[in-house]
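Work through the exercises below with the sequence and the structure at hand. Each task is followed by a solution in steps.

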Amino acid sequence: MANTIELARFLAEVERRAYRQAVFAVRDEQAALDIVQDSMLKLAEKYCGHPPAEYPMLFQRILQNTIRDYYRRQKVRNFWVTAISFFTSGRDDEDDEPMEYVQAADEKDSPANQLMSGKNLALIEAAIEKLPPRQREAFLLRYWEEMDIAETAVVMGCSEGSVKTHCSRAVHALAAALQDKGMTDE
């Protein structure tokens, strides 16, 4: 019973960050919701009995694998859609709506500060979205999920040196992109 409560508390705590991470990875809000939900279910079904201290590592590994599975399915699906579309009328039913983010603003900030923070956050999110997938994954795990290098290496399935390289490149790319947009460290 205690593990169930701890698991529920952990999932409530990680839900928004996991969703944001999935949206950055797949660039589709609905798919991101499905990925997070599937990841949470897998953690609950298979690892509920594990100590709560292991939940962050297990969940991140599950989330990253679920994102990779999504891309594998998309690759197969796109192959068949392309092959079949050759024989069909070519009608396109895709929604081309831009991705919208819900931002929780701090109520004690002034409207001007909230507006500036929202714009800065949007610039940062756009810069993160443009990172290559492995750099984005390393950056989000290290700095958003606050995992150490060893934990990030385990989740990503690579060496600690690769994590350092991906993080360094991501930070430099983000700094350059944000500087180009007029954001400075002042």
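**Exercise 1.** In this predicted model, which residues does Gln135 touch, leaving out those up to four places away in sequence? Is Gln135 buried or exposed?

Solution. 
- Step 1. The contacts of Gln135 beyond four places in sequence are His166, Arg169 and Ala170.
- Step 2. Gln135 itself lies in helix α5, which covers residues 133-144.
- Step 3. The relative accessible area of Gln135 is 13%. Buried means under 20%, so Gln135 is buried.

**Exercise 2.** Describe the protein as a whole: its secondary structure, its buried share and its surface.

Solution. 
- Step 1. Seven helices and zero strands make up the secondary structure. Read from the N terminus, the order of elements is α-α-α-α-α-α-α.
- Step 2. The protein has 186 residues, and 30% of them count as buried.
- Step 3. Its accessible surface is about 12,300 Å², with 54% belonging to carbon and sulfur atoms.
- Step 4. Take the contacts with a separation of 6 or more: 68% of them join residues 24 or more positions apart.

**Exercise 3.** At what angle do α5 and α6 pack, and which residues make the contact?

Solution. 
- Step 1. Two packed helices are described by the angle between their axes and the distance between the axes.
- Step 2. For α5 and helix α6 (residues 149-156), the angle is about 135° and the axes are 10 Å apart.
- Step 3. Angles from 65 to 115 degrees count as roughly perpendicular and those over 145 as roughly antiparallel; the angle here therefore makes α5 oblique to α6.
- Step 4. The crossing of α5 past α6 is right-handed.
- Step 5. On the α5 side the contact is formed by Arg134, Glu137, Ala138, Leu141 and Arg142, and on the α6 side by Ile149, Thr152, Val155 and Met156.
- Step 6. Sorted by class, the residues of this contact are five nonpolar, one polar and three charged.

**Exercise 4.** How do the axes of α6 and α7 cross, and how many residues of each class are in the contact?

Solution. 
- Step 1. The axes of α6 and helix α7 (residues 160-180) cross at roughly 100° and come within 8 Å.
- Step 2. Since 65 to 115 degrees counts as roughly perpendicular, α6 is roughly perpendicular to α7.
- Step 3. Ile149, Ala150, Thr152, Ala153 and Met156 of α6 meet Glu160, Val163, Lys164 and His166 of α7.
- Step 4. This contact of α6 with α7 has five nonpolar, two polar and two charged residues.

**Exercise 5.** Where is Glu151 found, and how many residues separate Glu151 from Arg61 in sequence?

Solution. 
- Step 1. Glu151 belongs to helix α6.
- Step 2. Its relative accessible area is 28%.
- Step 3. In sequence, Glu151 and Arg61 are 90 residues apart; in space, they are 9.7 Å apart from C-alpha to C-alpha.

**Exercise 6.** Where are Arg27 and Glu146 placed, and what is the phi of Arg27 and of Glu146?

Solution. 
- Step 1. Arg27 sits in the loop between α1 (2-26) and α2 (29-47). Its phi is near 55°, a positive value in a residue other than glycine.
- Step 2. With a relative accessible area of 44%, Arg27 is partly exposed.
- Step 3. Glu146 sits in the loop between α5 and α6. Its phi is near 55°, a positive value, and Glu146 is a residue other than glycine.
- Step 4. Glu146 has a relative accessible area of 67%. Exposed means over 50%, so Glu146 is exposed.

Methods
Residues numbered from 1 in each chain as written. Predicted model: local features only at pLDDT ≥ 70, side-chain atom pairs only at ≥ 80, totals over all residues. Heavy atoms only, no water. Helix = DSSP H or I, 4+ residues; strand = E, 2+ residues; numbered from the N terminus. Buried < 20%, exposed > 50% of the residue type's maximum accessible area, 1.4 Å probe, protein only. Contact = heavy atoms within 4.5 Å. Areas by Shrake-Rupley, 256 points an atom, 1.4 Å probe, with all protein chains shown as cover. Axes fitted to C-alpha atoms, helices over the stretch in contact; angles between N-to-C directions. Parallel < 35°, antiparallel > 145°, perpendicular 65-115°, else oblique. Left-handed = near helix turned anticlockwise from the far one by under 90°. Nonpolar A, V, L, I, M, F, W, Y, C, P; charged D, E, K, R; others polar.
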